[in-house]
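Me: I have a structure open and want to go through how it is put together. Can you take my questions as they come?

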Amino acid sequence: MAHLNLLAFSIGGFMFFIGLEYLVSRRTGKNYFQFAESIANLNIGIAERLLDIFVTGLFYFFFDFIYRNFALWHFKPTWYTWFLLFLATDFVWYWYHRLAHEVNILWAAHVVHHQSEDFNYTVSARITVFQAAFRSLFWAVLPLMGFSPAMITSLLLVHGLYPFFIHTQTIGKLGILEYFMVTPSHHRVHHSSNEKYLDKNYGDVLIIWDKMFGTFTKEEDDEKCVYGLTTPLKSHSFLWQQFHFMLELWTAFKRATNWKGRWKVLFGKPDDIDPNIRPQLELIWLRQRGPQEQTKGQRIYVVLQTGLSIVLLFLTTLFEHYIPAGLSVFIVLFIIVSLMNSGAILEQKKWFFYLEYSRMLLLAIAFLFYVPHLYVFMSVLLFVGLLTFYFSRIRAYFYRWLFQ
Ligand SMILES: [Zn+2]
Ligand SMILES: [Zn+2]
């Protein structure tokens, strides 16, 4: 049988549930989805899933290395070691997640998950590859304890699916489950910036750790959740969302006058970072912000582009073992440029056209590389020639259509 990565089909499942949630929220007259927010969430998720195809292999080797050389025990897979592994994974997750909120360098990766002011299934996709890497570092204690990499990766697969289902407003409280499981209601609290709900409910599958370590709060009927960061980002720029806090840290680090101060910047709490830094950086990096409402043309363009990225992600995952390394570099670049492109259109940035142009060139180069034929060479040359010759005319046409 062909060696396909069937995980690709989870992308379909994921899109199905998002669609279902969208229909339910429309039926009940609730507005759980904002256009730009949903696209931004999906785009961040596409990048993470894409880069993760290459990162997971690395971590398997890392876990394997620790297991072979340093494991304290060697657990055989029995029902109780599986159960033990599940508890250990959930416990490690609790501490990873809590520290991700309390320590700046970890927050720099996790903050992205909390930027959305919506709360729906698309938010569960809002994770960066940096977060995935930090999290896996925490999980390195599992092979050290004596769980084999094969057991760990299987369990993390199931463990990774669960949090998807708790990112929704369409499910109310779940009776007896509320006592020991992390439910949508608990996770709504976690994503809220209300004073009362801040820094609560870090659990992934079990809520018992929060109850044990004093970080549990339940969702109250008279305190409606307000989602997002305490100071909202108000930007859908693909790169800004991922790197704004790293830049803030870097600025604070440079401004610190002694090593104690620098240490505090890296390992202190996010609240201690000077709140004036972000607006100063926004002035430098996010100049000339257009209106936040998109035209119809822009929306169609962004939806098509996101759809194309999802299809490419699906195919890249499915045929992971057949794609030569060079080609996968092209695919990654192509998708990342597309994601930046979508962000730029959502933000109505006119420089998006130059990105679009480089994406076309990228495509042309990939063709030359992988279909080395005289006719292909001639057509690519013609294509690039026309694109360059009519550059300003094409640009004018694009601007008219997209920006009116
Ligand atoms: Zn969190
Ligand atoms: Zn979440």
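Me: How many Å separate the centres of domain 1 and domain 2?
Reply: The separation is 27 Å, taken over C-alpha atoms. Keep in mind that this is a predicted model.

Me: Which residues does each of those domains cover?
Reply: Domain 1 runs over 8–213 and domain 2 over 245–285. The chain also has domain 3, at 296–403.

Me: And the contact between domain 1 and domain 2, how many residues from each?
Reply: Domain 1 puts in 7 residues and domain 2 puts in 10. On the domain 1 side, helix α4 (residues 104–110) gives the most, with 4 residues.

Me: What is the split into nonpolar, polar and charged on that side of domain 1?
Reply: There are 5 nonpolar residues, 1 polar and 1 charged.

Me: Different topic. What does UniProt place at residues 82–215?
Reply: An unreviewed UniProt entry has the feature "domain: Fatty acid hydroxylase" there. In the model, that stretch is 54% helix and 0% strand. Its end C-alpha atoms are 27 Å apart.

Me: On to α14. How many residues, and what reach?
Reply: Helix α14 (residues 325–346) has 22 residues and reaches 32 Å from its first C-alpha to its last. That is close to the 32 Å expected at 1.5 Å a residue.

Me: Which residues of α14 are buried?
Reply: I335, S338, L339, N341, S342, G343, A344, I345 and L346.

Me: What do they pack against?
Reply: The buried residues of α14 pack against α2 (35–70), α10 (238–255), α13 (296–318) and α15 (352–370). After α14 comes Q348, with a positive phi near 55°.

Me: Now the largest nonpolar core. Which of its residues touch the most other members?
Reply: I39, I46, I345 and L346, out of 34 residues in that core. Elements giving two or more residues to this core are α2, α3 (79–102), α4, α10, α13 and α14. The most come from α2, with 8 residues.

Me: Why does this core lie between domain 1 and domain 3?
Reply: Because both domain 1 (8–213) and domain 3 (296–403) give residues to this core.

Me: What does L346 touch?
Reply: Leaving out residues up to four places away in sequence, L346 touches A36, I39, A40, H236, Q294 and V302.

Me: Which residues are in the other core?
Reply: That core lies apart from the largest one and has 9 residues, among them L85, W139, L142 and I152.

Definitions and conventions
Residues numbered from 1 in each chain as written. Chains lettered and ligands numbered in written order. Predicted model: local features only at pLDDT ≥ 70, side-chain atom pairs only at ≥ 80, totals over all residues. Domains from an automatic or database assignment. Contact = placed C-beta atoms within 7 Å. Nonpolar A, V, L, I, M, F, W, Y, C, P; charged D, E, K, R; others polar. UniProt positions renumbered as here; feature names shortened; annotations may be inferred. Expected span 1.5 Å × (residues − 1). Buried ≥ 20, exposed ≤ 12 C-beta atoms within 10 Å, placed from the backbone. Core = buried A, V, L, I, M, F, W, Y, C linked by C-beta atoms within 7 Å.
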